[in-house]
Amino acid sequence: MNTIHVAGGVGVADTAMASYDAALADANLHNYNLVAVSSVVPAEATVEAVAEAPDLGPAGNRLTVVEARRTVGPGDAVDFREGGRSGAEGAESKRAPRRRPDAVAGLGWATGPGPGLFYEVTGEDPDDVRDRIRAGLDSGAGLRDWELSDRETRVETVAAEPDRYATAVVVAAYGESEPIL
């Protein structure tokens, strides 16, 4: 039976791509060419959450994945308001300080007697990401009329840092890698 490994990681670096590469390294998935697929778990697969992915073949191979990925950078400060709306009387005095959002990536999976589903969500708040994953899995199972009683979630969070990029990833790696050439 084929195993789908779910691993997550976080990374902080001076560029967006370097932070993504660092997050993949944290999950031990940085040496593959990732090929994204939609979110269906084949009926014959087993999904296993792991601290980091095992060796899935030689560096440079193609690896089929479902991925949740969020990167925040120096320009991602957000201005939040306490009540009122933009342009409303007194709105300027109701502005909260600008803040940098955290990077949160989450992946949930639901399996049962046949095929299953993955559902990927990103955001700023881990609890919100988990709630949206549960809702997405419910919706996907209902759409297909599948009984998916076994459910799990993996969420990774990394705090934003001034003048740097931060990335959170959760990746479901389908089986072993394959030669790309």
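Accessible areas come from the Shrake-Rupley method with a 1.4 Å probe, and for residues only the protein chains shown count as cover. By this method the chain exposes about 9,500 Å², of which carbon and sulfur atoms supply 47%. The model is predicted: local features need pLDDT of at least 70, side-chain atom pairs count only at pLDDT 80 or more, and totals for chains, interfaces and linings use all residues. Residues are numbered from 1 along each chain as its sequence is written, and side-chain values use heavy atoms, without hydrogens and water.

The chain has 2 helices and 9 strands, where helices (H or I, at least four residues) and strands (E, at least two) are DSSP runs numbered from the N terminus.

Helix α1 covers residues 16-26, and its buried residues (under 20% relative accessible area, 1.4 Å probe, protein chains only) are Ser19, Tyr20, Ala23 and Leu24. They lie on the same side of α1, because they cover an arc of only 140° around the axis, taken from the directions from the helix axis to the C-beta atoms. An α-helix has 3.6 residues a turn, so residues three or four places apart point the same way.

Aromatic rings of Phe, Tyr and Trp (its six-membered ring) pair if their centres lie within 6.5 Å; planes under 30 degrees apart count as stacked, over 60 as edge-to-face and the rest as tilted. The structure holds 2 such pairs. Tryptophan 109 and phenylalanine 118 are tilted, at 6.4 Å centre to centre and 55° between the planes. Phenylalanine 118 and tyrosine 174 have centres 6.1 Å apart and planes at 55°, so this pair is tilted. Trp109, Phe118 and Tyr174 form one aromatic cluster.

Methods: Buried < 20%, exposed > 50% of the residue type's maximum accessible area, 1.4 Å probe, protein only.
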